[in-house]
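Subject: Structure handover

Hello,

Here is the structure for you to look at. My notes on it come after the sequence and coordinates.

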Amino acid sequence: MTELRRTLARQRYLLDYTVASMSRRRTRNLGLLLVYVGMVFLLASVLFYSSALKHEAGLLLAEAPDIVVQRMVAGRHALIPAQHAESLRGIRGVRVVEGRLWGYHYDPAVRANYTLLVPPADDVEPGTAVIGPALARARGAGIGDVLSFRGQDGTLHPFRIAAILPQESALASADLFLVAESDFRALFGIPEGQYTDIALQIPNPREERTVAEKVLEALPDSRPILRAEMLRTYDAVFDWRSALVLLPLSGALLAFAILAWEKASGLSADERREIGILKAVGWETGDILSMKFWEGGLLSLLAFLFGTAAAYWHVFGLSAPLLAPVMQGWSVLYPDFRLTPAIDATQLLALFCLTVLPYLAATLVPVWRAAVTDPDEVMR
Amino acid sequence: MMVQTPILALFMADLLGLLLLIPAGLFALQVLRHWDPSSGRAQQLRLEKRTPLVAAILGLVLLTQILALPLFVHTVDRMALQIVGAMCAVGTLNANFWGLPALLLRIGLFFLAAAWLLMHRMDKLAPDYPLIRAKYGLVLLILPLAAVTAGVQLAFFLQLDPDVITSCCGSLFSQGSESVAAHMAGLPALPTMFALYGTIGLALAAAGVYLRWRRALVPFGILATLSFPVAIAAIVAFLSLYVYEHPLHHCPFCLLQPDYGRIGYALYLPLFGATAIGLGLALSAAFARRQSLRDVLAAAAPPLVITAAAGLTLFAALAAWITSQSNLILIGY
């Protein structure tokens, strides 16, 4: 035990000395710290942001139907007739078959696409609409106002706004425009008995793949999409995007490692003399090495803490203004939403590997070179 | 190929480790050929000056492995979402041939780096570098192992394709997309249980013998090292079943999930620690031909033996507790 205590005390004195010696070269260390924090901040922002988006997508898709059946004509998505829905009802394991009507409408006034949707319960009165919060903001529309769209036949279709959707579900509902079925068909000229796609509910998730195969057998011109597939695709896409943003940053990482190497190897005459004196008064190579590692460790720790804290604030406080255009997508009416903080140990570990390891590796050799300096070499 | 940030981080960690280990390996060759403490030649002085650098490199490699091991497991676990049929890390690792070897190599690298550092510590305590040849021989083993680990991991991730929606996703169902085997076969429960408590019991007995009579350090080290594969087999064969209370779920990784109170960390940390110390002690003691090293070991080994024995005891106690409080009945009366 006494030996352990002695080792700890020794490390504490070394740490004390290191802190004092670092504060003596404040500007130099602050410069490096600033670059280091910037590096951690950039990488951490990308990581936090992509995982928050994945988290959000997962929450959204939890509500999605188990299988969506689309009809394909010449490789393109086409309207699906109601008879198709009938033939799907016979498949064992399917509880609910539901034709859905949805589409996009371009509004030249705000140069944005709205998502028009007939809610499944069809509780919107004909002639009225329920709209998303971002859409309401863009058009400056309130409850009771009237919005008009030019339909497929050139006539104007006025909609009185009955309600505005709550802000909480903004990511999904920002640009939503809920209308009645009759209005939807009139606006886009979709005949009765035709739907955009068909949603299936399957109570037992293990039957999903089998049902999908049966759908394909029953309707060879259709394309069944499983919710699990959508989830997988979103997950892969967000991972891929964040890695694509990070790849160009690897150049910056290399530059940072070179800077760290430079800083660690370009010992000033002052520092060399200091090391020489320390060795002359009895410090061993191992002590100098420990001191230098403490220096690097402290710097890394500070940079890691400040960098991740700043990135946290940037992503979850400010909704990542620096990254949003690249990572989110390209929609104009993008919701103004706050991401739910979703950070796990994997990201922090990955971040640590990407920032601290290169720093430690880059400074290893210069630090050793400084530590083995002979006192007579520098004090002569 | 999956491009993901944690995968990039793993590659970089491996690459950095290799970049540092290659000069260390070259240096090891020089040491093995020219090391002669009695000579006062410039070359000998240069070699002596360079040993702290190699120690620092191995320290960094160990740190890398300590970080990379959980990162690898977590990443693989998360990727199960993107692979059809994979429920957790086992499914992803089974998605192609290289998954499990990559994990095992990584664990091996971790233990060798830890054992090297322990040997280095012992070596430094003695005045005449008694372990220098054994140490640098081990570096020559670690270097190719690190290279193979990096290569196998690269192969694993390169062959891993996420199953995303294709323009015609009928292909996903019809063209025989095989669902990966998400199961791990376990050994029969009762014999594995005997093996686990037997091995740990023997290791603890050896620890007792060493602490009382200062003998049998090598057998203790070997038994502590052996406890690792036995314990992993036990986790797969019965411990995980007791935790999940499910007779078929053999996964050793889901233990790390918050759903099970992250109990895996409480199991794995003492186990890895005890095994690393055991391996280091076994190697140090096996090469202790000189008196100086024996003196060093006599002074420095007992606390390490106590630590390793405590780790093994903790593991066994936790295993027994899990078995006793589980609602699953695996072994009939």
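Predicted model: local features only at pLDDT ≥ 70, side-chain atom pairs only at ≥ 80, totals over all residues.

Chain B

Chain B contains ten helices and zero strands, so its order of elements from the N terminus is simply α-α-α-α-α-α-α-α-α-α. The C-alpha trace of chain B spans about 75 × 55 × 25 Å along its principal axes. Of the 333 residues in chain B, 55% are buried. For contacts in chain B between residues at least 6 apart in sequence, 79% join residues that are at least 24 apart.

The interface of chain A and chain B

On the chain A side, 44 residues are in contact with chain B, and on the chain B side the number is 41. Together the two chains bury about 3800 Å², with carbon and sulfur atoms giving 75% of this area. R209(A), R232(A) and W368(A) supply 17% of what chain A buries against chain B, which is more than any other three residues.

How many salt bridges does the rule find across the interface of chain A and chain B? There is one. The side chains of D235(A) and R78(B) meet in a salt bridge, with 2.6 Å from N to O.

Helices 3 and 7 of chain A

Helix 3 of chain A covers residues 82-89, and H84(A), A85(A) and L88(A) are buried in it. Seen down the axis of helix 3 of chain A, these buried residues fall within an arc of 100°, so they line one face of the helix. They pack against several elements of chain A, namely strand 1 (67-73), strand 3 (80-81), strand 4 (96-100), strand 12 (197-201) and helix 7.

Helix 7 of chain A, residues 208-218, has buried residues of its own: E208(A), V211(A), A212(A) and V215(A). These cover an arc of only 100° around the axis, which puts them on the same side of helix 7 of chain A. The background is that an α-helix has 3.6 residues a turn, so residues three or four places apart point the same way.

Helix 3 of chain A also holds a charged pair. The side chains of R89(A) and E86(A) meet in a salt bridge at 3.3 Å, N to O. R89(A) and E86(A) are three residues apart in helix 3 of chain A, and are therefore separated by about one helical turn. R89(A) counts as partly exposed because its relative accessibility is 43%. For E86(A) the value is 48%, and E86(A) also counts as partly exposed.

Salt bridges around E274(A)

Over all chains the count of salt bridges comes to 16. Among them is the pair of R24(A) and E274(A), whose side chains meet at 3.5 Å, N to O. This pair links distant parts of the chain, 250 residues apart: R24(A) is in helix 1 (residues 2-24) of chain A, and E274(A) is in helix 9 (residues 269-280) of chain A.

The side chains of R25(A) and E274(A) also meet in a salt bridge, at 3.5 Å from N to O. R25(A) lies in the loop between helix 1 and helix 2 (26-61) of chain A, while E274(A) lies in helix 9 of chain A, so the pair ties together parts that are 249 residues apart in sequence. R24(A), R25(A) and E274(A) are thus linked in a network of salt bridges.

Is E274(A) buried or exposed? With a relative accessibility of 13%, E274(A) counts as buried, since the cut-off for that is under 20%. R25(A) counts as buried too, at 17% relative accessibility.

A nonpolar patch on chain A

W240(A), L244(A) and L247(A) form a nonpolar patch on the surface, and their accessible area together is about 290 Å². W240(A) belongs to helix 8 of chain A, which runs over residues 227-265. At 45% relative accessibility, W240(A) counts as partly exposed.

Regards

Definitions and conventions: Residues numbered from 1 in each chain as written. Chains lettered and ligands numbered in written order. Heavy atoms only, no water. Patch = residues over 30% accessible without salt bridge, like charges linked within 9 Å, V, L, I, M, F, W, Y side chains within 5 Å. Areas by Shrake-Rupley, 256 points an atom, 1.4 Å probe, with all protein chains shown as cover. Salt bridge = Lys/Arg side-chain N within 4 Å of Asp/Glu carboxyl O. Helix = DSSP H or I, 4+ residues; strand = E, 2+ residues; numbered from the N terminus. Buried < 20%, exposed > 50% of the residue type's maximum accessible area, 1.4 Å probe, protein only. Arc of directions from axis to C-beta. Contact = heavy atoms within 4.5 Å. Buried area = accessible area lost by both parts, 1.4 Å probe.
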